Amino acid sequence: MSENKLEKSLDEILQDRRSKGRGRGGRRGRSAGRTATTQAPVGGVSKSTRQAKGNKAAPSAPTPATGDSKIMISNLPKDVDEITIKNYFTETIGKPKKVLLQYGPNGASLGSAIVIFPRPDLGAKAASELNGMSIDKRPIRVELLLSASAVPAIPQKSLADRVT
């Protein structure tokens, strides 16, 4: 390439590229650079016997086997933080496993928290004792959260029985 590309027009450069082949090294033959393929199995694509990594589903809620229980606390004062909630529950109910305070987009507390206890009896005790308790003259709401598998099935009446 003794000629300078800056001295050529764009049309001339493109024409030279087309005549030399695609990009560097010109055109390859149809089978150049490819490995020999084996015949496809009868009936379609063969499936690998290896299992994909990470197929385990992450649990979305505590299961009865782990013994965890969750409560949702609403209407908390905005200045209450995780450490304060954890210390209160450690003194009154029992040590929580985790406290998750919910924050808004501006970083301020939304006044609600989820508390996870290591035993099911602690969550039930907290919900029964603390629901309706006043903090700064505001009643808080404490609800026990259940996973879908822990909720008892509701018997359904047929539509004919429900029509009046």
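The points below go through the strands, the salt bridges and a surface patch of this predicted model.

1. On the basis of the note, residues are numbered from 1 along each chain as its sequence is written, and side-chain values use heavy atoms, with hydrogens and water left out. As this is a predicted model, local features need pLDDT of at least 70 and side-chain atom pairs count only at pLDDT 80 or more, while totals for chains, interfaces and linings use all residues.

2. Strand β3 covers residues 109-117, and eight of its nine residues are buried, so the strand is largely enclosed by the rest of the structure. Here buried means under 20% relative accessible area, exposed means over 50%, and partly exposed lies in between (1.4 Å probe, protein chains only); helices (H or I, at least four residues) and strands (E, at least two) are DSSP runs, numbered from the N terminus.

3. Strand β3 pairs with β1 in the antiparallel sense over five bridges, and β2 and β3 also pair in the antiparallel sense, over five bridges, where pairing requires that DSSP finds at least two bridges between two strands. Alanine 113 in β3 stands opposite isoleucine 73, and alanine 113 also stands opposite leucine 101.

4. With five residues between them, β2 and β3 form a hairpin, and glycine 107 in its turn has a positive phi of about 90 degrees.

5. The structure holds four salt bridges, each being a side-chain nitrogen of Lys or Arg within 4 Å of a carboxyl oxygen of Asp or Glu. One of them joins lysine 97 to aspartate 68, with the closest N and O atoms 3.0 Å apart. This pair links distant parts of the chain, 29 residues apart, since lysine 97 is in the loop between α2 (82-92) and β2 (98-103) and aspartate 68 is in the loop between α1 (10-20) and β1 (69-74).

6. Another salt bridge brings together the side chains of arginine 119 and aspartate 121 at 3.1 Å, N to O; arginine 119 is partly exposed at 44% relative accessibility, and aspartate 121 is partly exposed at 42%. Arginine 141 and glutamate 143 form a salt bridge with their closest N and O atoms 3.0 Å apart, and of these residues arginine 141 is partly exposed at 49%, as is glutamate 143 at 31%.

7. Leu144, Leu146 and Val151 make a nonpolar surface patch of about 260 Å². Patches are made of residues with over 30% relative accessible area and no salt bridge, like charges being joined within 9 Å and nonpolar side chains (Val, Leu, Ile, Met, Phe, Trp, Tyr) within 5 Å; accessible areas come from the Shrake-Rupley method with a 1.4 Å probe, and for residues only the protein chains shown count as cover. Valine 151 lies in the loop between β6 (141-145) and α4 (159-162) and is partly exposed, with a relative accessible area of 44%.
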